[in-house]
Amino acid sequence: MLTVDGISVRFGGITALDGVAFTVEPGTAVGLIGPNGAGKTTLFNCLTRRCTPDAGTVRFDDEDLLALPPHSVAGRGIARTFQNLGLFPRLTVRENVMVGAHSRGRTGHFAAALRLPRVRREERELRDQAEDSLRRLGLADVADHPASGLPFGTLKRVELARALAARPRLLLLDEPVNGLSHGEVDAFADLVRAVREDFDLTLVVVEHHMGFVMGLCGKVVCLDFGRKIAEGPPEEIQRDPAVIEAYLGVAA
Amino acid sequence: MRTILTTLGTGRARSLRAALTALLAAAVAVGAPFYFAPFQVFQLTMVLLYAVALAGLNLLVGFGGQISLGHGAFFAAGAYTAAVMLDRYDSAHLATLPVAAAGCFLLGLGFGVPALRLRGLYLALVTLSFAVFLPPLLKRLEPVTGGSMGLTVDKLQPPAWSGLAEDQWMYLVVLAVTAVALLLARNLLRSRVGRALLALRDDESAAEVMGVRLSLHKTLAFAWSAMFAGVAGCLYTWVIGFVSPDSFSFVLSITLLAGLVVGGLASLYGPLLGAAFVMYVPSVAQDVSDAAPGVVFGLLIIAVMFVAPTGLAGLAGRARDAATRRLTRTAPAAGRTPEPAPTTAPAADPAPADAEPVGAPPRTEKE
């Protein structure tokens, strides 16, 4: 479904990614791990066209992703969440989720100004869908609350709801459980598993919480200093000497 | 009291109430010219046409998060389009409106291009330059614009069948145009497009990930906004019957922006309140002090911003919040959301401190 081949990104003298390659099969969940600064978020930014690699290709369903303008990525079925929340703080939770469905809407400026019947219909549909997904994720109570000033765990769920509103086939989660308590991590893992089942999602997850990654993902890719140092099933990765060295260092 | 509030809060009652309010407002608005003296009717007409310009500016500044100090230029462009058409081509008044609207829309589309690359103060500066640059240009184009002398054209005349006085007819026509303009702005904002604008105001890169095409929405927001200003300018020509470069100095642009902020950014009826402020407060200031009306005007703006930091439109909401706070303080725990208990054992909580808001429900720890 997703094929990343030899991508390199350089910021000035720093090589953030150096020839990273891996594939994501439909219906699987791939974990992306590595110490801070390994290039995980940069890789995500390449997948959503926030940053253009200096070399390499990214193909999604046999389409060259790097040839698309950034705003078209969502329409192809790729959604993401952000490491430090990318919610719209002055919009309500419901509006945030409805913006998530932007790529599926067709209403243009003129039709909207005249509020044509099809605009009304689309608006009603989007509102109903948003309502459903808010209920599904236990956010119905905060639907009219601005998406700021709520507990962090709730905001993380709002972001998930917003990403799901795009009806993606590939969902990229950037550190979905950082800053959550133990209980919340477990609850969030259950939630992710459930929506993955419901929406038939393929997942790529960046996360430092090893329990979360190992429990969710069928394959794990480990990056260090922009290079892929290991790839395989979670059990193997946990035993891999290169991974242990990258995370813990070696005895001097 | 509480039961009344809950009954009023239900969806159907709310829509009924909204319909009644709208009907009442419409009745008052239509009845006003038959009650007030001609001069007061003229003032109300001016409030309405400023409201159109402010609604446009609100689209751009309040909802789009961009800033324009040059909207006086679009206002002037609309006014001069109407005046030149009336003066040179003897057009009907109503014919000038679509031309001014379309012309200013295209002008806004063109000038919206710098808005793609610039933001904040830089955009403000570039747009201010439109406003500064236009009056001298109008003076230079004397054969068309009448130069510094300006153009005197016919005001809007009431048709014989209506039996209305000039000021009443003008008021009603301007009211109709304003109603349509405000409706268009409202429709636009309560849709996918409006949400896209709000989203890119709050977080551009997240909006783009959601599929919002930044360039399209930003330039069109500029174009709509310019169109509304142009329509307001066109109405101005109909009502005043005279345009000159000095009527549209850059002070007009700044007054419009001040009016919008005072009225309330990103509020649907803030433009009306802001327009009333822009229209009436200078004359009140004149009454208070003949010597320095500007000082009084400035002090009044400061006073409003102090009392209502979210603008006059936010004042009602703030008053309601304050009242509920007082009510709930006297009658605590009466069917309200439960007061949050203080979070226990914060040391075990890895969440960053700033993400933990006041009023968060207690975290449930599951081992």
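Select helices α12 and α13 of chain B, where B:Thr255, B:Gly259, B:Leu260, B:Val262 and B:Gly263 in α12(B) meet B:Gly270, B:Pro271, B:Leu273, B:Gly274, B:Ala275, B:Phe277 and B:Val278 in α13(B); two residues are in contact if their C-beta atoms, placed from the backbone, lie within 7 Å. By class, this contact of α12(B) with α13(B) has 7 nonpolar, 5 polar and no charged residues, where Ala, Val, Leu, Ile, Met, Phe, Trp, Tyr, Cys and Pro count as nonpolar, Asp, Glu, Lys and Arg as charged, and the others, Gly among them, as polar. The model is predicted, so local features need pLDDT of at least 70 and side-chain atom pairs count only at pLDDT 80 or more, whereas totals for chains, interfaces and linings use all residues. Residues are numbered from 1 along each chain as its sequence is written, and chains are lettered from A and ligands numbered from 1 in the order in which they are written.

Stay with this pair and look along the helices: the axes of α12 (residues 250–263) and α13 (residues 270–288) of chain B come within 7 Å and cross at roughly 125 degrees, which makes α12(B) oblique to α13(B). Axes are lines fitted to C-alpha atoms, for helices over the stretch in contact, and angles run from 0 to 180 degrees between N-to-C directions; angles under 35 degrees count as roughly parallel, over 145 as roughly antiparallel, 65 to 115 as roughly perpendicular and the rest as oblique. Helices (H or I, at least four residues) and strands (E, at least two) are DSSP runs, numbered from the N terminus.

Next, select α8(B) and α11 (residues 214–240) of chain B, which pack at an angle of about 175 degrees with their axes 11 Å apart, so that α8(B) is roughly antiparallel to α11(B). On the α8(B) side the contact is made by B:Met170, B:Val174, B:Val177, B:Ala181 and B:Leu188, and on the α11(B) side by B:Trp224, B:Phe228, B:Val231, B:Leu235, B:Trp238 and B:Val239. The residues of this contact divide into 11 nonpolar, no polar and no charged.

Then move to α4 (residues 71–89) and α6 (residues 120–140) of chain B, whose packing angle is about 30 degrees, with axes 8 Å apart; that makes α4(B) roughly parallel to α6(B). Here B:Gly72, B:Ala73, B:Ala76 and B:Tyr80 of α4(B) touch B:Phe130, B:Ala131, B:Leu134 and B:Leu138 of α6(B), a contact with 7 nonpolar, 1 polar and no charged residues.

Colour residues 120–138 of chain B, one of the stretches that an unreviewed UniProt entry lists as "transmembrane region". Over residues 120–138 the chain is 100% helix and 0% strand, with the end C-alpha atoms 28 Å apart.

Now show both chains: the contact takes 34 residues from chain B and 39 residues from chain A. On the side of chain B that touches chain A, α8 (166–189), α9 (192–202) and α10 (204–209) each supply at least two residues, and the largest share, 7 residues, comes from α9(B). The residues of that side divide into 18 nonpolar, 5 polar and 11 charged.

Finish on chain A, for which the domain assignment gives domain 1 (1–77 + 168–252) and domain 2 (89–162), and where the C-alpha centres of these domains lie 27 Å apart.

Technical notes:
Domains from an automatic or database assignment. UniProt positions renumbered as here; feature names shortened; annotations may be inferred.
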